[in-house]
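Have the structure open as you read along.

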Amino acid sequence: MNSIYIFSRDFILILLLLCFAGYKSHSQNAANQEQHPKIVNIINFIRLLEPRDAQITEDVLYQTVVKQVQIMQQYHLPGTFLLQYDALMDARYQQLLKNLPPSSFEIGAWWEIPKPLVEKAGLQWRGRYPWDWHADVGFSTGYTPKEREQLADVYMQDFKKIFGYYPKSVGSWFIDAHTLNYLYKKYKIVASTNCKDQLGTDGYTLWGGYWNQAYYPSKINAYMPAQTEKNQTPVPIFRMLGSDPVRQYDDKGSGTNGQGVVTLEPVYKYGGGDSAWVHWYFKEFVEGQSMEYAYVQAGQENSFTWNAMSKGFEIQMPLIARLRDEQKVKVETLAASGEWFRKKYTVTPATSVTVNNDLDGSDKKTVWFNSRFYRFNLLWENNTLRFRDIHIFNENFPSAYTENRATSNECSFFTLPFVDGYRWSSAEQPAALRFRMVSNGKEILMEGGTPTINDDVPGKLHIEWPLKSANGILVMDVDEKQMQIKVEGSKTVDWFLDLSAGDTASLPFTKIAPHVINCRFEGMDYQVKASKGNFLNPAGDAIMRIKPERNMMVLNF
């Protein structure tokens with residue numbers, strides 16, 4: 001009897017310890033979500049019709065939304081539905097969305113411009129179809145500032161007649177600064193979205209921006225992060241689609257439609273439609289260093305249809321629900337994220353996106369850093385390290401579409417390049433700023449082991465890379481305005497950074513002086529300074545070299 005009693009007592013004690021450990025872990029997750037949330041917005045936007053495919057009827061599009069609603073309700077997941085104007089005016093969508101509990105679901109505006117909206121605003125429709133995706137017809141960029149206000153007024157008035165309030169969120173693949181300012185000042189929107197960075201997909205180029213999470217845009221350029229509260233529109237713009245941090249940047253894709261697409265979108269079999277990729281993506285999303293917070297948009301526009309997206313949607317929703325239940329992610333509406341952002345940040349914070357472990361079969365690791373002043377991307381591959389990308393942000397750099405309307409079926413939004421590993425590359429010469437050194441009289445790539453990335457200090461990112469090609473550790477300390485790079489543990493390493501690019505690349509450099517590089521891009525002059533270290537014009541293939549001083553360089557952006 002005594003042995004049974006002791007066994008029972010020990011068993012109960014073990015159970016209590018396990019329960020306490022689980023409670024402690026749950027409490028830690030809750031605390032982390034409060035301080036540094038991992039935010040998931042499930043955003044599905046709705047079009048009434050799809051003129052590009054006769055098989056995609058209005059009923060097919062409607063049933064797609066019905067299925068999305070059913071799956072989200074099954075897993076008790078909140079979300080946002082954004083309505084294009086023609087869908088807003090359709091009785092079926094009105095009834096479906098009015099029946100959703102407002103405590104869980106947000107109804108907002110999808111800012112593509114269809115024929116009924118244009119004609120009700122008293123304007124002439126110039127499209128090929130009742131909805132035309134060309135930038136000079138189907139988006140606000142195709143209209144004058146006054147016309148944009150007319151379009152906004154019609155949409156908002158009709159939305160309020162139907163739902164009884166103005167929408168808080170307005171999303172689009174791209175939105176102009178004038179429209180965004182107008183919607184904020186007159187209708188008090190609290191959040192917006194735009195497309196991921198891409199080159200040429202569907203004729204839309206957005207390149208060099210705040211790579212993920214959200215930013216406050218310049219009043220004269222909705223794609224450009226502002227540096228000051230005075231010159232920003234206080235509506236955070238969240239980046240859409242959940243880009244693969246490793247592959248999306250320089251995936252060449254196929255055909256003539258710009259880059260390949262490797263994102264969380266459920267329709268893509270090498271991204272959001274693949275179970276292994278989805279589980280890898282969310283593991284890195286939850287565990288990776290993000291500084292202030294992490295963000296991803298799940299969901300899909302109905303134009304892809306339920307048949308195409310169902311597999312990916314049914315992979316992602318239960319996973320997101322499980323992570324939510326484990327308090328590893330926070331699932332909320334776009335408006336809730338916008339309101340949280342505005343309460344917490346007066347200007348755009350510094351954030352990061354980190355992949356510490358790539359998909360099976362790859363040794364790549366990467367970190368994207370974003371602030372209101374610049375962004376960069378580091379990529380580790382085959383024991384080497386390079387900057388794939390550095391872009392500078394300047395709130396005084398205007399967008400062509402803020403005051404003028406687009407006259408082409410394509411559109412382009414850029415920031416100011418300093419390193420562009422995609423646009424400056426050729427088949428023979430991939431562009432990058434590479435870490436190199438001199439060994440036995442020869443210039444070679446630096447080699448190292450597994451990096452460690454730390455974001456424990458608010459506003460700062462600390463990176464250590466143990467070297468194999470020399471004794472020492474490469475250490476980077478980054479904040480919103482500058483980066484400091486040094487080699488610790490060895491004073492004998494002759495190391496430097498070399499920039500390479502394809503022969504036909506259009507580069508912005510106008511003058512390379514020892515402590516400053518002058519640049520010019522699309523009429524804007526800008527500089528990058530080295531408060532420690534020197535810029536050089538080296539011999540050979542390199543375009544520009546950065547040499548440390550006393551084993552350290554400090555670059556100011």
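## Cavities and core

Strand E13 gives the most to the lining of the largest cavity, putting in four residues. Keep in mind that this is a predicted model. E13 covers residues 351-355, and helix H8 (275-287) and strand E11 (294-298) also each supply at least two lining residues. In total, 17 residues line this cavity, and those lying nearest its centre are Tyr 281, Glu 284, Phe 285, Val 353 and Thr 354.

A search of the whole structure turns up two cavities of 30 Å³ or more. Here is how they look next to each other:

| Cavity | Volume | Lining by class |
|---|---|---|
| Largest | about 160 Å³ | eight nonpolar, eight polar, one charged residues |

Who lines the second largest cavity? That would be Phe 174, Ile 175, Asn 194, Leu 206, Ala 222, Tyr 223 and Phe 413.

Now for the packed part. The largest nonpolar core holds 178 residues, and Phe 282, Phe 387 and Phe 418 have the most contacts inside it. Helix H9 (residues 306-325) brings the largest share of this core, with nine residues.

Leaving out residues up to four places away in sequence, Phe 418 touches Ile 390, His 391, Ile 392, Trp 424, Leu 499 and Phe 509, among others. Further along the chain, its partners include Ile 517, Cys 519, Val 528, Phe 535, Met 544 and Phe 557.

Key
Residues are numbered from 1 along each chain as its sequence is written. This is a predicted model: local features need pLDDT of at least 70, side-chain atom pairs count only at pLDDT 80 or more; totals for chains, interfaces and linings use all residues. Side-chain values use heavy atoms; hydrogens and water are left out. On a 1 Å grid over the protein atoms alone, a cavity is a set of points where a 1.4 Å probe fits but cannot get out, and a pocket is an open set with protein on both sides within 12 Å along at least five of seven lines; lining residues have an atom within 4 Å of a point. Grid points are joined across faces, edges and corners, and a volume is the space filled by probe spheres set on the points. Ala, Val, Leu, Ile, Met, Phe, Trp, Tyr, Cys and Pro count as nonpolar, Asp, Glu, Lys and Arg as charged, and the others, Gly among them, as polar. A nonpolar core is a set of buried Ala, Val, Leu, Ile, Met, Phe, Trp, Tyr and Cys residues joined through side-chain atoms within 4.5 Å. Buried means under 20% relative accessible area, exposed over 50%, partly exposed in between (1.4 Å probe, protein chains only). Contact means heavy atoms within 4.5 Å.
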